[in-house]
Amino acid sequence: MPGKTQSVSFDGREIRLTTGLYAPQAGGSVLIECGDTSVLVTATRAKGREGIDFLPLTCDYEERLYAAGRIPGSFFRREARPPERAILTTRLIDRPLRPLFPSWLRDDIQVVATTLSLDERVPPDVLAVTGASIATLLARMPFYGPMAAVRVGLLGDDFVLNPSFREIERSDLDLVVAGTPAGVVMVEAGANQLPEQDVIEAIDFGYEAVGELIKAQLALLSDLGIEQVIPEPKVEDPALPAFLEQECGKGIGEVLKQFTLTKAERDAQLDAIKAEVAGKISALGDDDPVKLVVQGNAKTLGNTYKGITKKLMRAQILSEGKRVDGRNLDEVRPISAAVGVLPKRVHGSGLFQRGLTQVLSCATLGTPSDAQELDDLNPSSEKTYLHHYNFPPYSVGETRPMRSPGRREIGHGALAERAIIPVLPPKEKFPYVLRVVSECLSSNGSTSMGSVCGSTLALMDAGVPLLAPVSGAAMGLIKEGDEVRILTDIQGIEDFLGDMDFKVAGTEKGITALQMDMKISGLAVATVAEAVNQARPARLHILEKMLEAIDKPRDTMSPHAPRLLSFRIDPELIGTVIGPGGRTIKGITERTNTKIDIEDGGIVTIASHDGAAAEEAQRIVEGLTRRISEGEQFSGTVTRIIPIGAFVEILPGKEGMIHISQLSEARVEKVEDVVKVGDPVTVRVREIDNRGRINLTLRGVSQEPAPVAV
């Protein structure tokens, strides 16, 4: 294909699409550019592996620091494991792309997006999502696209399309909307406690913009003479489904209507029915079409059985409005919450349980030096709030090797982190670096929202003065034709067999985080709005139960948490506090047994488990940075004597010298004749020389103690 460039005017900006020029051996490739941001996206298809029963789609987002004119900070000075933000962008690409492939496709598909150049006015992630759709279409894969994504910000009262990094920092909303001609297919958002209606309007605003990008993709295909491959429904052999419905459909339906069964009991009964029908199939003749289908693929029976179960469960919800555990569609499972469940060696702990989902969250208070340094393309250089999510195999009654966190764990942790950040106290008021770890002890749906609730409990138990407590709920969807049912607080089976997983977190005032994933090709904005509004009473009900455990942050922190004092000094005097080679600040920390951090803007943070020691360190630093004027009097202590004078500490850490000629009105032969080391004296500042040295005098100064200046 010859190289071709097409420009799209989009909200006053030009998006350039270059095809047929880069990566010629990939199935499809596009260089998508806006401003000086350039992202190369490729999509490649290979023959499927034998015996798999899923779509082996792999999405990768690669950051190259040369894109921002930087060299990696690692020992090897090359990119290694993807940073967290790159993994989140990978998920951002995967989530709207995956449901648009036909369910029968088994070919290996890999989509790779690489940021080659970065303009700080144009974040690359939404370009990568749109580029993934274009590359897939160019690769002529069966695909229910086109699909595109945009970011929406809120500055003042105005929505902003695809804001810059700096605008995102100032915005009350950071919303990514992905959609297809069929509707919204993915939503990801962080918000500053925005009302539901504002968020709904932002989603609608973003989806309108998505429509323009979809038109541009269709125009590009037309210009290139490429016909989109619309997936054809795969015709399944009806013999096995018909046999299963006849032999075990009634039994499955009866199990789904036993609302008092536990998850384990329900699974056991469904497995027993499956084993029974497998025995019946084994007894069939060797030439029976049902037996031949099962023998042809070992996984066919299990997949078809799941399909029958899914069909019956969905029909029950649509016709009767009852779920497998007997709840109404808008009903939340039983909730329990507790705080302080671990000894105070852990600075704060919270245990949250909703149904069979149980999450233990633990909060740790750290000093500014504990902030996480970032080495990626985002302009932010550090993180001061970290949320880590762990999902061990025992949480679902399974066994598997324990590995490092995967993309799912990182994504769920980032969602909980995003939900809490808007309610954290300002740095000036509470300068701690905070880390929360959520341990999923038991999982039956929506552990990410359980992590949000557990984090709120743990932070309040740790004494963090949150602006407001946060809770969260996961919403589900069953859609058959024009019939739609929205489910509140979905459990595992409803997530697996449903069409949507929509997580909503927020405070009583409004929303702080959203994440919506679809298993269908799109959803109307009106239905999304209905799910957002239905989530609010669920969130508030959950929040009420949480506040029964702890209704406000504790007034005191764990005795094992560090105590911090934070204050500001003149940035020009930072060097005075640090001293040559760091000797001054090292001396202060050794003398007071504290930890001192100084930011470039002049904010000093002192950490200690001893409040008095922290206050002493603060006095020393303030003394070092206090502006001294000629004529001021100080009460100090003689610290050392030299032949020509005596040194006096007039402020903590700050000394001046009394020349021998200034010790008395009369002539002095030896300094020791007037003062000795340790003597208290009252002195006046005679002059400050051009090198900043403080010269003191005793002449004409009453030795009544002067007030100590601070």
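**Helix α10**

Reply: Helix α10 is mostly covered, with 15 of its 15 residues buried. Buried means under 20% relative accessible area, exposed means over 50%, and partly exposed lies in between (1.4 Å probe, protein chains only). This is a predicted model: local features need pLDDT of at least 70, side-chain atom pairs count only at pLDDT 80 or more, and totals for chains, interfaces and linings use all residues. Residues are numbered from 1 along each chain as its sequence is written, and side-chain values use heavy atoms, with hydrogens and water left out.

Me: What span does α10 reach from its first C-alpha to its last?

Reply: α10 covers residues 447-461 and reaches 20 Å, close to the 21 Å expected at 1.5 Å a residue. The expected span is 1.5 Å times one less than the number of residues. Helices (H or I, at least four residues) and strands (E, at least two) are DSSP runs, numbered from the N terminus.

Me: And what follows α10?

Reply: Gly 463 follows α10, and its phi is positive, near 85°.

Me: Strands now. Is β21 mostly covered or mostly exposed?

Reply: Strand β21, residues 511-518, is mostly covered: eight of its eight residues are buried.

Me: How many bridges join β10 to β21?

Reply: Six bridges join strand β10 (residues 183-194) to β21, and the two run antiparallel. Two strands pair if DSSP finds at least two bridges between them. Within this pairing, Gly 190 has Ala 513 in β21 as its bridge partner.

Me: How does β20 pair with β21?

Reply: In the antiparallel sense, over seven bridges; β20 is residues 500-506. Phe 502 stands opposite Met 516 in β21. β20 and β21 form a hairpin, with four residues between them.

Me: Which strands close into a barrel?

Reply: Five strands do, in the order β25-β26-β27-β29-β28, with mixed pairing. The twist averages 55° from one strand to the next. For that angle, axes are lines fitted to C-alpha atoms (for helices over the stretch in contact), and angles run from 0 to 180 degrees between N-to-C directions. β25 (residues 633-642) and β26 (residues 645-651) pair in the antiparallel sense over five bridges. Thr 637 stands opposite Glu 649 in β26.

Me: Different topic. Where is Ala 23?

Reply: Ala 23 is in the loop between β2 (13-19) and β3 (28-34). Ala 23 counts as partly exposed because its relative accessible area is 31%.

Me: What does Ala 23 touch?

Reply: Ser 29 and Thr 42, not counting residues up to four places away in sequence. Contact means heavy atoms within 4.5 Å.
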